[in-house]
Amino acid sequence: MTPHRLAAAVLAAVILLIASLSFFTVQEGYAALILRLGKIVNVSKGEPKVLRPGLHVKIPFIDSLRLFDMRMQELSATGSRSLTVVTKEQTYLVVEYFAKWHINNLARFYTSTGGSINWAETLLEQRLNDIVRAEYGRRSSDQVISVGRASLMAAIREQANNVGKDQGINVVDVRIQQITLPRDVMDSVFRRMETERKQFAEAKRAEGIEKSEEIKALADQKVTVIKAQALMQGASIRAKGDFDAAQIYAQAYASNPGFYAFYRSLQAYENSFAKKTDILVLKPEGQFFTYFHNAGAGSVNKK
């Protein structure tokens, strides 16, 4: 290679290097600051130069580039970062919240936080914690949980937006995700609830037993009444049947009293001499043997 071609190649490489160090692109959703010897490059009237998405140029080896995410950020105070607050009536609550924020003044953000998102969130979280504690301390548990929740959130959002201005950020929204009791208090509450549920269950069980006994007693009473009515109705039917039978017997026997007397004597004889071992000790002249005597006389007369 000739010296002229070598020099041209070196010059082209230097130009490409300078061009690569001079031109840069800012992507969508980001913004950039140019730092010249560690200081923000200003434009007219002392305003800092903020580079929006697109192609830009800087001085190589003198200017340095700082890119910043201008999109919406989320600060989440949950889990181990949850906040313990005290209400107006000295009730301890554990609050979990999240905040939506973004950078709205890039130069102020850089000078106040050094351009660190983590440091900005740490400062913002400290201030939000103070605001949340103060607002909860002015209200009772009922107000922060139900009736005054909307006004509480509005007060927190307004103050959070104000405290973020000196950092160059804008707090768009703050939301309470969850409100719980501290672990030790929650365990105590659960034990008390368990005791109350057991007492309630025992009361319901006793009430059920009492109702069961009442139902059984009422059923037994109904059974007794039904049996008594059935016995009374049966006795009445039997009495009527006996009465009707007596009337029928009386009408039948009244038509032939002699035969009735003879039939009754036969029944008496049959019942008295049902077994061969039966013995009667009676006088032969008694009325019981009337038909025996008549039967003998009848046989004599026949002879």
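Among contacts in the protein chain between residues at least 6 apart in sequence, what percentage join residues at least 24 apart? The figure is 66%, where contact means heavy atoms within 4.5 Å.

The model is predicted, so local features need pLDDT of at least 70, side-chain atom pairs count only at pLDDT 80 or more, and totals for chains, interfaces and linings use all residues. Residues are numbered from 1 along each chain as its sequence is written, and side-chain values use heavy atoms, with hydrogens and water left out.

**The chain overall**

The protein chain has 8 helices and 10 strands. These elements are DSSP runs numbered from the N terminus, with helices being H or I of at least four residues and strands E of at least two. Of its 303 residues, 25% count as buried; buried means under 20% relative accessible area, exposed over 50%, and partly exposed in between, with a 1.4 Å probe and protein chains only. The accessible surface is about 21100 Å², and carbon and sulfur atoms account for 58% of that surface. Accessible areas come from the Shrake-Rupley method with a 1.4 Å probe, and for residues only the protein chains shown count as cover.

**Helix pairs**

Two packed helices are described by the angle between their axes and the distance between the axes. Axes are lines fitted to C-alpha atoms, for helices over the stretch in contact, and angles run from 0 to 180 degrees between N-to-C directions.

Helix α3 (residues 117-137) and helix α5 (residues 149-164) have axes that come within 10 Å and cross at roughly 150 degrees. The two are therefore roughly antiparallel; angles under 35 degrees count as roughly parallel, over 145 as roughly antiparallel, 65 to 115 as roughly perpendicular and the rest as oblique. On the α3 side the contact involves Arg127, Leu128, Ile131, Val132, Glu135 and Tyr136, which meet Leu152, Ala155, Ile156, Gln159, Ala160 and Val163 of α5.

Helix α2 (residues 106-113) packs against α3 at about 80 degrees, with the axes 10 Å apart. That angle makes α2 roughly perpendicular to α3. Here Phe109, Ser112 and Thr113 of α2 meet Ile117, Trp119, Ala120 and Leu123 of α3.

The table gives the residue classes in each contact. Ala, Val, Leu, Ile, Met, Phe, Trp, Tyr, Cys and Pro count as nonpolar, Asp, Glu, Lys and Arg as charged, and the others, Gly among them, as polar.

| α3 with α5 | 9 nonpolar residues | 1 polar residue | 2 charged residues |

**Selected residues**

Val171 sits in strand β10 (residues 169-180) and is buried, with a relative accessible area of 5%. Val171 and Trp101 are 70 residues apart in sequence but 4.3 Å apart in space, C-alpha to C-alpha. Neighbours within four places in sequence aside, Val171 contacts Lys100, Trp101, Leu124, Ala160 and Asn161.

Ile40 belongs to strand β3 (residues 39-40). Beyond neighbours within four places in sequence, Ile40 is in contact with Leu33, Ile34, Leu35, Pro48, Ala107, Tyr110 and Thr111.

Gln90 is in the loop between β8 (83-86) and β9 (92-103). Its phi is positive, about 65 degrees, although Gln90 is not a glycine. Gln90 is exposed, with a relative accessible area of 59%.
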